[in-house]
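Subject: Handover of a structure and notes on its features

Dear colleague,

Please find the structure below, together with its sequence. I would be grateful if you could read the notes that follow with the structure open.

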Amino acid sequence: MTEIPEHLRKRAEEARKKAAAKKAEAAGDAAPSPDAGGAGGAGDGEQGASAASSRIPAHLLERSKAAKARKAGGQEADAGGTGGVAPAAAAAVATAAPPPTATGPQGHTQRLLTVVKAGSIQDVKATPQDKVHVWPHLLSAEFVAALFITAFTLIFSIFYNAPLLELADINKTPNPSKAPWYFLGLQELLTMFHPMVAGVTIPGMGIFLLILAPYIDRNPSNKPEDRKFAIAVFTVQLMFWAVLVIIGSFFRGPGFNFVAPWDAGLFFEL
Amino acid sequence: MAKTMEGKKASDRLAELTDKVQSSQAWNSIFRPGSIFRKGYTDSPRNRSYVIMNSVLYHLHPVKVKRHAVKVSYTLCLGGLSFFLFILLTVTGIFLMFYYRPTAAQAWDDIYTLQTSITFGLLVRNMHRWGAHLMVLSVFLHMARVFYHGAYKPPREFNWVIGVILLTLTLLLSFTGYLLPWDQLALWAVTVGTNMMGYTPVFGDQVRFVLLSGREIGTDTLLRWYVLHVLFVPFVTVIFLAIHFWRVRKDGGISGPL
(Lines give C-alpha, C1' and ligand atoms only; values in the text may rest on other atoms or scores of the structure.)
Protein backbone atom coordinates (compact mmCIF):
# COMPACT_ATOMS: atom_id res chain seq x y z
CA MET A 1 0.00 0.00 0.00
CA THR A 2 1.36 3.39 -0.91
CA GLU A 3 1.48 5.87 1.87
CA ILE A 4 1.97 9.39 0.65
CA PRO A 5 1.33 12.34 2.90
CA GLU A 6 -1.94 13.99 2.01
CA HIS A 7 -0.50 17.36 1.04
CA LEU A 8 2.16 15.85 -1.23
CA ARG A 9 -0.40 13.69 -2.96
CA LYS A 10 -2.69 16.67 -3.51
CA ARG A 11 0.18 18.72 -4.87
CA ALA A 12 1.16 15.96 -7.27
CA GLU A 13 -2.40 15.54 -8.44
CA GLU A 14 -2.74 19.25 -9.09
CA ALA A 15 0.51 19.33 -11.00
CA ARG A 16 -0.58 16.38 -13.09
CA LYS A 17 -3.90 17.99 -13.85
CA LYS A 18 -2.23 21.23 -14.84
CA ALA A 19 0.22 19.40 -17.10
CA ALA A 20 -2.60 17.48 -18.74
CA ALA A 21 -4.56 20.65 -19.34
CA LYS A 22 -1.52 22.33 -20.88
CA LYS A 23 -0.88 19.36 -23.13
CA ALA A 24 -4.47 19.21 -24.25
CA GLU A 25 -4.28 22.88 -25.07
CA ALA A 26 -1.11 22.35 -27.06
CA ALA A 27 -2.47 19.38 -28.94
CA GLY A 28 -5.67 21.15 -29.83
CA ASP A 29 -9.14 19.78 -29.82
CA ALA A 30 -8.66 17.19 -32.56
CA ALA A 31 -6.09 15.03 -30.74
CA PRO A 32 -7.37 12.83 -27.93
CA SER A 33 -5.97 13.64 -24.52
CA PRO A 34 -2.94 11.50 -23.61
CA ASP A 35 -4.64 10.26 -20.47
CA ALA A 36 -7.55 8.87 -22.45
CA GLY A 37 -5.06 7.28 -24.85
CA GLY A 38 -3.32 5.60 -21.98
CA ALA A 39 -6.50 4.32 -20.40
CA GLY A 40 -8.00 3.05 -23.64
CA GLY A 41 -4.64 1.81 -24.93
CA ALA A 42 -5.77 -1.79 -24.57
CA GLY A 43 -7.15 -1.76 -28.11
CA ASP A 44 -4.18 -1.20 -30.37
CA GLY A 45 -0.57 -1.97 -29.54
CA GLU A 46 0.98 0.11 -32.26
CA GLN A 47 -1.04 3.12 -31.38
CA GLY A 48 -0.09 2.65 -27.76
CA ALA A 49 3.59 2.44 -28.65
CA SER A 50 3.47 5.56 -30.75
CA ALA A 51 1.58 7.32 -28.02
CA ALA A 52 4.27 6.24 -25.59
CA SER A 53 7.07 7.56 -27.76
CA SER A 54 5.21 10.77 -28.44
CA ARG A 55 4.91 11.31 -24.71
CA ILE A 56 8.56 12.35 -24.55
CA PRO A 57 8.61 16.07 -25.30
CA ALA A 58 10.40 16.99 -28.48
CA HIS A 59 12.93 19.31 -26.88
CA LEU A 60 14.02 16.55 -24.51
CA LEU A 61 14.45 14.10 -27.38
CA GLU A 62 16.57 16.64 -29.17
CA ARG A 63 18.62 17.29 -26.09
CA SER A 64 19.32 13.60 -25.50
CA LYS A 65 20.22 13.18 -29.17
CA ALA A 66 22.64 16.07 -28.92
CA ALA A 67 24.11 14.66 -25.73
CA LYS A 68 24.63 11.27 -27.34
CA ALA A 69 26.26 12.83 -30.37
CA ARG A 70 28.51 14.85 -28.14
CA LYS A 71 29.42 11.73 -26.20
CA ALA A 72 30.23 9.89 -29.41
CA GLY A 73 32.36 12.81 -30.51
CA GLY A 74 34.17 12.83 -27.20
CA GLN A 75 34.87 9.13 -27.49
CA GLU A 76 36.20 9.68 -30.95
CA ALA A 77 38.45 12.39 -29.66
CA ASP A 78 39.48 10.16 -26.85
CA ALA A 79 40.22 7.33 -29.22
CA GLY A 80 42.17 9.71 -31.39
CA GLY A 81 44.11 10.95 -28.38
CA THR A 82 45.24 7.52 -27.33
CA GLY A 83 46.05 6.83 -30.94
CA GLY A 84 43.94 3.71 -30.72
CA VAL A 85 41.27 1.99 -32.65
CA ALA A 86 38.71 2.55 -35.13
CA PRO A 87 36.69 5.32 -36.52
CA ALA A 88 34.51 2.33 -37.36
CA ALA A 89 33.60 1.93 -33.69
CA ALA A 90 32.78 5.59 -33.49
CA ALA A 91 30.61 5.22 -36.53
CA ALA A 92 28.83 2.29 -34.92
CA VAL A 93 28.14 4.36 -31.85
CA ALA A 94 26.88 7.15 -34.01
CA THR A 95 24.47 4.84 -35.81
CA ALA A 96 23.29 3.41 -32.52
CA ALA A 97 22.52 6.88 -31.29
CA PRO A 98 18.86 7.25 -32.33
CA PRO A 99 16.48 5.84 -29.72
CA PRO A 100 15.61 2.17 -30.28
CA THR A 101 12.21 1.48 -31.72
CA ALA A 102 9.97 -1.51 -31.47
CA THR A 103 10.67 -2.38 -35.06
CA GLY A 104 13.43 -4.91 -35.81
CA PRO A 105 15.01 -5.85 -39.14
CA GLN A 106 12.24 -8.35 -39.86
CA GLY A 107 9.44 -6.04 -38.95
CA HIS A 108 7.80 -6.17 -35.52
CA THR A 109 9.59 -8.26 -32.90
CA GLN A 110 7.08 -7.49 -30.14
CA ARG A 111 3.38 -7.36 -30.08
CA LEU A 112 0.85 -6.62 -27.47
CA LEU A 113 -0.86 -9.76 -26.23
CA THR A 114 -2.99 -8.31 -23.51
CA VAL A 115 -3.19 -5.48 -21.06
CA VAL A 116 -3.74 -6.46 -17.45
CA LYS A 117 -5.06 -3.65 -15.35
CA ALA A 118 -3.24 -3.26 -12.05
CA GLY A 119 -6.33 -3.71 -9.94
CA SER A 120 -7.28 -7.06 -11.45
CA ILE A 121 -4.41 -9.12 -10.03
CA GLN A 122 -3.10 -6.94 -7.23
CA ASP A 123 -5.01 -5.25 -4.48
CA VAL A 124 -3.88 -1.76 -5.29
CA LYS A 125 -5.45 1.02 -3.30
CA ALA A 126 -6.86 3.47 -5.77
CA THR A 127 -6.28 6.48 -3.55
CA PRO A 128 -3.28 6.41 -1.27
CA GLN A 129 -4.10 6.82 2.41
CA ASP A 130 -2.80 9.48 4.70
CA LYS A 131 -1.05 7.67 7.54
CA VAL A 132 1.04 8.60 10.55
CA HIS A 133 3.46 6.66 12.70
CA VAL A 134 1.98 4.98 15.74
CA TRP A 135 5.05 6.10 17.63
CA PRO A 136 4.94 8.90 18.64
CA HIS A 137 1.49 10.04 17.48
CA LEU A 138 -0.74 7.29 18.89
CA LEU A 139 1.39 5.89 21.69
CA SER A 140 1.91 9.25 23.34
CA ALA A 141 -1.84 9.94 23.33
CA GLU A 142 -2.53 6.50 24.81
CA PHE A 143 0.12 7.02 27.44
CA VAL A 144 -1.37 10.34 28.50
CA ALA A 145 -4.86 8.80 28.62
CA ALA A 146 -3.59 5.93 30.78
CA LEU A 147 -1.81 8.31 33.12
CA PHE A 148 -4.90 10.47 33.35
CA ILE A 149 -7.24 7.60 34.25
CA THR A 150 -4.74 6.24 36.78
CA ALA A 151 -4.42 9.63 38.42
CA PHE A 152 -8.18 10.05 38.43
CA THR A 153 -8.78 6.65 40.04
CA LEU A 154 -6.01 7.22 42.56
CA ILE A 155 -7.21 10.66 43.66
CA PHE A 156 -10.83 9.57 43.75
CA SER A 157 -9.80 6.58 45.88
CA ILE A 158 -7.94 8.80 48.33
CA PHE A 159 -11.06 10.86 49.03
CA TYR A 160 -13.88 8.32 48.69
CA ASN A 161 -13.83 4.94 50.37
CA ALA A 162 -15.46 1.86 48.91
CA PRO A 163 -18.44 0.83 51.03
CA LEU A 164 -18.05 -1.98 53.55
CA LEU A 165 -21.28 -2.49 55.47
CA GLU A 166 -21.71 -4.85 58.40
CA LEU A 167 -21.14 -8.58 58.02
CA ALA A 168 -23.57 -10.39 55.72
CA ASP A 169 -26.58 -11.78 57.53
CA ILE A 170 -29.06 -13.91 55.64
CA ASN A 171 -31.71 -13.32 58.32
CA LYS A 172 -31.58 -9.53 58.16
CA THR A 173 -32.94 -8.16 54.90
CA PRO A 174 -32.03 -4.52 54.40
CA ASN A 175 -34.78 -2.26 53.17
CA PRO A 176 -34.48 -1.56 50.29
CA SER A 177 -32.33 -4.32 48.82
CA LYS A 178 -30.86 -3.15 45.57
CA ALA A 179 -28.86 -4.87 42.83
CA PRO A 180 -25.63 -3.29 41.52
CA TRP A 181 -26.36 -0.05 39.68
CA TYR A 182 -26.04 -1.51 36.17
CA PHE A 183 -28.81 -4.00 36.99
CA LEU A 184 -31.09 -1.41 38.60
CA GLY A 185 -32.84 -0.86 35.28
CA LEU A 186 -33.85 -4.51 35.36
CA GLN A 187 -34.94 -4.25 38.97
CA GLU A 188 -37.03 -1.27 37.97
CA LEU A 189 -38.65 -3.38 35.26
CA LEU A 190 -39.44 -5.97 37.94
CA THR A 191 -41.98 -3.53 39.41
CA MET A 192 -43.84 -3.44 36.09
CA PHE A 193 -43.59 -6.93 34.60
CA HIS A 194 -43.61 -10.55 35.56
CA PRO A 195 -40.14 -11.49 36.88
CA MET A 196 -39.47 -13.76 33.92
CA VAL A 197 -40.19 -10.97 31.45
CA ALA A 198 -38.25 -8.34 33.38
CA GLY A 199 -35.31 -10.48 34.46
CA VAL A 200 -34.78 -12.78 31.51
CA THR A 201 -36.84 -12.03 28.41
CA ILE A 202 -36.21 -8.29 28.08
CA PRO A 203 -32.46 -8.32 28.86
CA GLY A 204 -32.02 -11.48 26.78
CA MET A 205 -33.77 -9.90 23.81
CA GLY A 206 -31.71 -6.75 24.38
CA ILE A 207 -28.39 -8.59 24.16
CA PHE A 208 -29.65 -10.63 21.22
CA LEU A 209 -30.73 -7.55 19.27
CA LEU A 210 -27.47 -5.82 20.13
CA ILE A 211 -25.51 -8.75 18.70
CA LEU A 212 -27.70 -8.75 15.58
CA ALA A 213 -27.45 -4.97 15.07
CA PRO A 214 -24.91 -5.11 12.22
CA TYR A 215 -26.95 -7.77 10.44
CA ILE A 216 -30.24 -5.92 10.84
CA ASP A 217 -28.89 -2.53 9.84
CA ARG A 218 -28.13 -3.04 6.12
CA ASN A 219 -27.54 0.65 5.42
CA PRO A 220 -23.92 0.86 4.19
CA SER A 221 -23.36 4.51 5.05
CA ASN A 222 -21.75 5.61 8.27
CA LYS A 223 -22.68 9.24 7.87
CA PRO A 224 -24.99 10.48 10.64
CA GLU A 225 -27.27 12.24 8.14
CA ASP A 226 -27.89 8.94 6.30
CA ARG A 227 -28.77 6.89 9.35
CA LYS A 228 -31.19 8.99 11.33
CA PHE A 229 -33.45 6.04 12.05
CA ALA A 230 -30.70 3.82 13.49
CA ILE A 231 -29.36 6.66 15.61
CA ALA A 232 -32.85 7.52 16.83
CA VAL A 233 -33.61 3.92 17.82
CA PHE A 234 -30.29 3.50 19.61
CA THR A 235 -30.53 6.82 21.41
CA VAL A 236 -34.05 6.03 22.60
CA GLN A 237 -32.75 2.69 23.92
CA LEU A 238 -29.83 4.32 25.73
CA MET A 239 -32.07 6.97 27.25
CA PHE A 240 -34.64 4.36 28.28
CA TRP A 241 -32.04 2.36 30.23
CA ALA A 242 -30.32 5.43 31.63
CA VAL A 243 -33.62 6.78 32.96
CA LEU A 244 -34.54 3.39 34.48
CA VAL A 245 -31.13 3.12 36.16
CA ILE A 246 -31.36 6.66 37.51
CA ILE A 247 -34.88 6.07 38.85
CA GLY A 248 -33.82 2.76 40.40
CA SER A 249 -30.71 4.30 41.93
CA PHE A 250 -31.94 7.56 43.35
CA PHE A 251 -35.74 7.61 43.39
CA ARG A 252 -36.47 4.31 45.08
CA GLY A 253 -36.49 4.00 48.84
CA PRO A 254 -37.75 1.52 51.45
CA GLY A 255 -39.95 -1.17 49.96
CA PHE A 256 -38.68 -0.02 46.56
CA ASN A 257 -41.25 2.75 46.68
CA PHE A 258 -40.77 6.13 45.09
CA VAL A 259 -38.91 8.70 47.18
CA ALA A 260 -37.47 12.08 46.38
CA PRO A 261 -33.74 12.02 47.15
CA TRP A 262 -33.83 15.64 48.32
CA ASP A 263 -36.44 14.77 50.97
CA ALA A 264 -35.66 11.24 52.11
CA GLY A 265 -31.95 11.06 51.31
CA LEU A 266 -30.12 8.55 49.16
CA PHE A 267 -30.75 4.82 49.28
CA PHE A 268 -27.85 3.95 47.06
CA GLU A 269 -24.46 2.32 47.54
CA LEU A 270 -21.93 1.80 44.79
CA MET B 1 41.79 20.48 36.50
CA ALA B 2 42.44 17.14 38.09
CA LYS B 3 38.81 16.87 38.92
CA THR B 4 37.68 17.39 35.33
CA MET B 5 40.25 14.84 34.18
CA GLU B 6 38.81 12.38 36.60
CA GLY B 7 35.25 13.21 35.48
CA LYS B 8 36.21 12.60 31.91
CA LYS B 9 37.74 9.31 32.86
CA ALA B 10 34.56 8.32 34.67
CA SER B 11 32.45 9.19 31.65
CA ASP B 12 34.83 7.23 29.46
CA ARG B 13 34.50 4.31 31.75
CA LEU B 14 30.74 4.62 31.64
CA ALA B 15 30.76 4.65 27.85
CA GLU B 16 33.03 1.65 27.84
CA LEU B 17 30.73 -0.18 30.22
CA THR B 18 27.70 0.70 28.10
CA ASP B 19 29.45 -0.63 25.02
CA LYS B 20 30.38 -3.78 26.83
CA VAL B 21 26.87 -4.40 28.11
CA GLN B 22 25.27 -3.62 24.77
CA SER B 23 27.55 -5.97 22.89
CA SER B 24 27.12 -8.82 25.34
CA GLN B 25 25.26 -11.92 24.32
CA ALA B 26 22.73 -11.52 27.10
CA TRP B 27 21.78 -8.00 25.96
CA ASN B 28 21.55 -9.01 22.33
CA SER B 29 19.46 -12.03 23.18
CA ILE B 30 16.93 -9.79 24.92
CA PHE B 31 16.63 -7.05 22.32
CA ARG B 32 15.95 -7.92 18.73
CA PRO B 33 18.11 -6.63 15.89
CA GLY B 34 16.88 -3.13 15.14
CA SER B 35 15.56 -2.58 18.65
CA ILE B 36 16.08 0.96 19.84
CA PHE B 37 17.70 -0.46 22.97
CA ARG B 38 20.51 -1.87 20.86
CA LYS B 39 21.60 1.20 19.00
CA GLY B 40 19.89 4.11 20.66
CA TYR B 41 17.07 6.25 19.38
CA THR B 42 17.39 9.27 17.19
CA ASP B 43 14.21 10.59 15.68
CA SER B 44 13.87 9.36 12.11
CA PRO B 45 11.05 7.69 10.18
CA ARG B 46 12.98 4.42 10.25
CA ASN B 47 13.44 4.51 14.00
CA ARG B 48 9.80 5.47 14.49
CA SER B 49 8.91 2.27 12.67
CA TYR B 50 11.45 0.25 14.65
CA VAL B 51 9.96 1.34 17.99
CA ILE B 52 6.83 -0.64 17.11
CA MET B 53 8.25 -3.25 14.77
CA ASN B 54 10.97 -4.53 17.08
CA SER B 55 9.03 -4.53 20.32
CA VAL B 56 6.15 -6.45 21.81
CA LEU B 57 3.90 -3.50 20.99
CA TYR B 58 3.74 -4.90 17.45
CA HIS B 59 1.15 -7.35 18.80
CA LEU B 60 -1.14 -4.46 19.55
CA HIS B 61 -0.38 -1.75 17.02
CA PRO B 62 0.68 -1.58 13.40
CA VAL B 63 3.59 0.68 12.47
CA LYS B 64 1.31 3.24 10.93
CA VAL B 65 -2.34 4.15 11.32
CA LYS B 66 -4.69 6.42 9.42
CA ARG B 67 -4.19 10.02 10.40
CA HIS B 68 -7.75 10.49 11.59
CA ALA B 69 -7.42 7.41 13.83
CA VAL B 70 -5.13 9.22 16.25
CA LYS B 71 -7.62 12.05 16.78
CA VAL B 72 -8.76 11.82 20.39
CA SER B 73 -12.05 13.47 19.45
CA TYR B 74 -12.92 10.46 17.26
CA THR B 75 -12.43 7.56 19.69
CA LEU B 76 -12.27 9.47 22.99
CA CYS B 77 -9.76 6.72 23.86
CA LEU B 78 -12.67 4.69 25.24
CA GLY B 79 -11.64 1.27 23.97
CA GLY B 80 -8.05 1.76 25.06
CA LEU B 81 -9.17 3.07 28.44
CA SER B 82 -11.39 0.03 28.95
CA PHE B 83 -8.40 -2.21 28.28
CA PHE B 84 -6.17 -0.13 30.51
CA LEU B 85 -8.73 -0.29 33.32
CA PHE B 86 -8.78 -4.07 32.86
CA ILE B 87 -5.00 -4.08 33.44
CA LEU B 88 -5.32 -1.74 36.41
CA LEU B 89 -7.98 -4.00 37.91
CA THR B 90 -5.78 -7.05 37.36
CA VAL B 91 -2.87 -5.41 39.18
CA THR B 92 -4.94 -4.14 42.12
CA GLY B 93 -6.88 -7.40 42.19
CA ILE B 94 -3.71 -9.46 42.55
CA PHE B 95 -2.75 -7.27 45.50
CA LEU B 96 -6.13 -7.92 47.13
CA MET B 97 -5.81 -11.67 46.58
CA PHE B 98 -2.83 -11.78 48.94
CA TYR B 99 -5.06 -10.79 51.87
CA TYR B 100 -8.36 -12.46 51.09
CA ARG B 101 -9.81 -15.89 51.87
CA PRO B 102 -13.14 -16.72 50.19
CA THR B 103 -15.03 -18.31 53.07
CA ALA B 104 -18.06 -16.95 54.86
CA ALA B 105 -16.18 -17.05 58.17
CA GLN B 106 -13.11 -15.12 56.99
CA ALA B 107 -14.00 -12.96 53.98
CA TRP B 108 -15.45 -9.93 55.75
CA ASP B 109 -12.75 -9.98 58.45
CA ASP B 110 -10.06 -10.16 55.79
CA ILE B 111 -11.44 -7.10 54.02
CA TYR B 112 -11.75 -5.28 57.33
CA THR B 113 -8.16 -6.13 58.28
CA LEU B 114 -7.02 -5.12 54.82
CA GLN B 115 -8.61 -1.72 55.25
CA THR B 116 -7.46 -1.07 58.79
CA SER B 117 -4.04 -2.62 59.22
CA ILE B 118 -2.41 -3.23 55.85
CA THR B 119 -0.32 -0.57 54.17
CA PHE B 120 -2.22 0.91 51.23
CA GLY B 121 -4.87 -1.80 51.69
CA LEU B 122 -7.75 0.64 51.81
CA LEU B 123 -6.39 2.66 48.90
CA VAL B 124 -5.91 -0.36 46.66
CA ARG B 125 -9.35 -1.71 47.50
CA ASN B 126 -10.87 1.68 46.70
CA MET B 127 -9.02 1.77 43.38
CA HIS B 128 -10.26 -1.71 42.56
CA ARG B 129 -13.83 -0.78 43.35
CA TRP B 130 -13.93 2.56 41.55
CA GLY B 131 -11.89 1.21 38.66
CA ALA B 132 -14.47 -1.56 38.21
CA HIS B 133 -17.36 0.91 38.04
CA LEU B 134 -15.34 3.07 35.65
CA MET B 135 -14.68 0.08 33.43
CA VAL B 136 -18.36 -0.80 33.17
CA LEU B 137 -19.01 2.81 32.27
CA SER B 138 -16.22 3.08 29.72
CA VAL B 139 -17.20 -0.18 28.02
CA PHE B 140 -20.77 1.12 27.72
CA LEU B 141 -19.58 4.43 26.32
CA HIS B 142 -17.21 2.65 23.94
CA MET B 143 -20.15 0.68 22.60
CA ALA B 144 -22.20 3.84 22.15
CA ARG B 145 -19.28 5.55 20.38
CA VAL B 146 -18.91 2.62 18.00
CA PHE B 147 -22.62 2.62 17.27
CA TYR B 148 -22.84 6.35 16.57
CA HIS B 149 -19.92 6.09 14.15
CA GLY B 150 -21.54 3.17 12.36
CA ALA B 151 -18.30 1.31 12.99
CA TYR B 152 -20.07 -2.05 13.25
CA LYS B 153 -20.81 -2.08 9.52
CA PRO B 154 -19.04 -4.44 7.12
CA PRO B 155 -16.33 -5.62 7.43
CA ARG B 156 -16.56 -5.08 11.20
CA GLU B 157 -19.83 -6.90 12.00
CA PHE B 158 -18.18 -9.78 13.77
CA ASN B 159 -15.98 -7.56 15.87
CA TRP B 160 -19.13 -5.84 17.10
CA VAL B 161 -20.45 -9.27 18.16
CA ILE B 162 -17.20 -9.90 20.05
CA GLY B 163 -17.61 -6.47 21.61
CA VAL B 164 -21.12 -7.26 22.88
CA ILE B 165 -19.75 -10.49 24.37
CA LEU B 166 -17.01 -8.47 26.06
CA LEU B 167 -19.65 -6.12 27.47
CA THR B 168 -21.52 -9.01 29.07
CA LEU B 169 -18.22 -10.42 30.35
CA THR B 170 -17.45 -7.04 31.90
CA LEU B 171 -20.81 -7.05 33.66
CA LEU B 172 -20.17 -10.61 34.85
CA LEU B 173 -16.73 -9.65 36.16
CA SER B 174 -18.21 -6.75 38.08
CA PHE B 175 -21.16 -8.73 39.38
CA THR B 176 -19.08 -11.70 40.57
CA GLY B 177 -16.76 -9.31 42.38
CA TYR B 178 -19.72 -7.68 44.09
CA LEU B 179 -20.28 -10.62 46.42
CA LEU B 180 -16.73 -11.03 47.64
CA PRO B 181 -16.60 -8.48 50.54
CA TRP B 182 -19.39 -10.53 52.14
CA ASP B 183 -21.16 -7.58 53.71
CA GLN B 184 -24.87 -6.81 53.69
CA LEU B 185 -24.57 -4.82 50.45
CA ALA B 186 -22.84 -7.73 48.67
CA LEU B 187 -25.16 -10.41 49.96
CA TRP B 188 -28.42 -8.67 49.12
CA ALA B 189 -27.36 -7.17 45.80
CA VAL B 190 -26.37 -10.63 44.67
CA THR B 191 -29.57 -12.13 46.10
CA VAL B 192 -31.64 -9.71 44.05
CA GLY B 193 -29.53 -10.33 40.93
CA THR B 194 -29.56 -14.11 41.12
CA ASN B 195 -33.27 -14.20 41.94
CA MET B 196 -33.84 -12.48 38.61
CA MET B 197 -31.76 -15.09 36.78
CA GLY B 198 -33.71 -17.79 38.59
CA TYR B 199 -36.73 -16.86 36.49
CA THR B 200 -35.13 -18.27 33.35
CA PRO B 201 -37.87 -20.39 31.73
CA VAL B 202 -37.68 -24.20 31.97
CA PHE B 203 -34.37 -24.48 33.84
CA GLY B 204 -34.47 -21.42 36.07
CA ASP B 205 -33.94 -23.42 39.24
CA GLN B 206 -30.97 -25.21 37.76
CA VAL B 207 -29.39 -21.92 36.65
CA ARG B 208 -29.81 -20.58 40.16
CA PHE B 209 -28.46 -23.75 41.69
CA VAL B 210 -25.34 -23.67 39.52
CA LEU B 211 -24.79 -19.97 40.19
CA LEU B 212 -25.21 -20.24 43.93
CA SER B 213 -23.61 -23.66 44.28
CA GLY B 214 -26.62 -24.59 46.39
CA ARG B 215 -30.15 -23.52 47.23
CA GLU B 216 -29.16 -20.29 48.88
CA ILE B 217 -26.17 -17.99 49.11
CA GLY B 218 -23.52 -19.36 51.46
CA THR B 219 -19.87 -20.11 51.77
CA ASP B 220 -19.93 -22.37 48.69
CA THR B 221 -21.32 -19.49 46.63
CA LEU B 222 -18.47 -17.33 47.84
CA LEU B 223 -15.85 -19.83 46.69
CA ARG B 224 -17.58 -20.30 43.35
CA TRP B 225 -17.86 -16.59 42.65
CA TYR B 226 -14.31 -16.03 43.79
CA VAL B 227 -12.96 -18.54 41.27
CA LEU B 228 -15.23 -17.10 38.58
CA HIS B 229 -14.07 -13.59 39.44
CA VAL B 230 -10.32 -14.09 39.65
CA LEU B 231 -9.76 -16.88 37.13
CA PHE B 232 -12.56 -18.04 34.90
CA VAL B 233 -14.13 -14.83 33.64
CA PRO B 234 -10.78 -12.96 33.26
CA PHE B 235 -9.43 -15.94 31.32
CA VAL B 236 -12.35 -15.89 28.91
CA THR B 237 -12.19 -12.11 28.72
CA VAL B 238 -8.52 -12.13 27.74
CA ILE B 239 -9.24 -14.57 24.92
CA PHE B 240 -12.03 -12.39 23.58
CA LEU B 241 -9.88 -9.27 24.01
CA ALA B 242 -7.19 -10.90 21.87
CA ILE B 243 -9.72 -11.70 19.15
CA HIS B 244 -11.19 -8.19 19.42
CA PHE B 245 -7.81 -6.45 18.97
CA TRP B 246 -6.73 -8.80 16.22
CA ARG B 247 -9.93 -8.14 14.30
CA VAL B 248 -9.53 -4.38 14.64
CA ARG B 249 -6.33 -4.65 12.63
CA LYS B 250 -7.53 -7.31 10.21
CA ASP B 251 -10.64 -5.29 9.38
CA GLY B 252 -8.49 -2.37 8.31
CA GLY B 253 -7.84 -0.43 11.50
CA ILE B 254 -10.45 1.68 13.20
CA SER B 255 -13.37 2.92 11.12
CA GLY B 256 -14.02 6.30 9.66
CA PRO B 257 -13.59 9.11 8.96
CA LEU B 258 -17.28 9.93 8.87
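The notes below take up the conventions, the two chains, the contact between them and some local features.

This is a predicted model, in which local features need pLDDT of at least 70, side-chain atom pairs count only at pLDDT 80 or more, and totals for chains, interfaces and linings use all residues. Residues are numbered from 1 along each chain as its sequence is written, while chains are lettered from A and ligands numbered from 1 in the order in which they are written.

**The two chains**

The secondary structure of chain A consists of 11 helices and three strands; here helices (H or I, at least four residues) and strands (E, at least two) are DSSP runs, numbered from the N terminus. From the N terminus on, the order of elements in chain A is α-α-α-α-α-β-β-α-β-α-α-α-α-α. Of the 270 residues in chain A, 11% are buried. A residue is called buried if 20 or more other C-beta atoms lie within 10 Å of its own, exposed if 12 or fewer do, and partly exposed in between, with C-beta atoms placed from the backbone.

Chain B has 12 helices and one strand, and its pattern along the sequence is α-α-α-α-β-α-α-α-α-α-α-α-α. Its radius of gyration is 25 Å, well over the 18 Å that the globule rule gives for 258 residues, so chain B is more spread out than a compact globule. The radius is taken over C-alpha atoms, and the rule is 2.2 Å times the number of residues to the power 0.38. Along the principal axes, the C-alpha atoms of chain B fill a box of roughly 80 × 55 × 30 Å. Buried residues account for 35% of the 258 residues of chain B.

Contacts within each chain were also counted, two residues being in contact if their C-beta atoms, placed from the backbone, lie within 7 Å. Among contacts between residues at least 6 apart in sequence, 65% in chain B join residues at least 24 apart; the corresponding value in chain A is 48%.

**The contact between the chains**

The contact takes 62 residues from chain A and 71 residues from chain B. On the side of chain A that touches chain B, the elements giving two or more residues are strand 3 (131-133), helix 7 (134-159), helix 8 (184-190), helix 9 (195-216) and helix 10 (228-250). Helix 7 of chain A provides the largest share of that side, 15 residues. By class, the side of chain A that touches chain B has 40 nonpolar, 12 polar and 10 charged residues. In this classification Ala, Val, Leu, Ile, Met, Phe, Trp, Tyr, Cys and Pro count as nonpolar, Asp, Glu, Lys and Arg as charged, and the others, Gly among them, as polar.

Strand 3 of chain A also pairs with strand 1 (residues 64-66) of chain B, in the antiparallel sense and over three bridges; two strands pair if DSSP finds at least two bridges between them. The bridge partner of H133(A) in strand 1 of chain B is K64(B).

**Helix 12 of chain B**

Helix 12 (residues 219-250) of chain B has 32 residues and reaches 45 Å from its first C-alpha to its last, close to the 46 Å expected at 1.5 Å a residue. The expected span is 1.5 Å times one less than the number of residues. Helix 12 of chain B bends by about 45° at L228(B), the bend being the angle between axes fitted to the seven residues ending there and the seven starting there. Its buried residues include W225(B), Y226(B) and H229(B). The buried residues of this helix pack against helix 6 (78-97), helix 7 (107-117), helix 9 (157-178) and helix 11 (204-212) of chain B.

**Local backbone features**

In chain A, a cis peptide bond joins W135(A) and P136(A), with omega about 5°; P136(A) is in helix 7. Another cis peptide bond joins N175(A) and P176(A), with omega about 0°, and P176(A) lies in the loop between helix 7 and helix 8 of chain A.

In chain B, C77(B) has a positive phi of about 65° although it is not a glycine. C77(B) counts as buried because it has 20 C-beta neighbours inside 10 Å.

Yours sincerely
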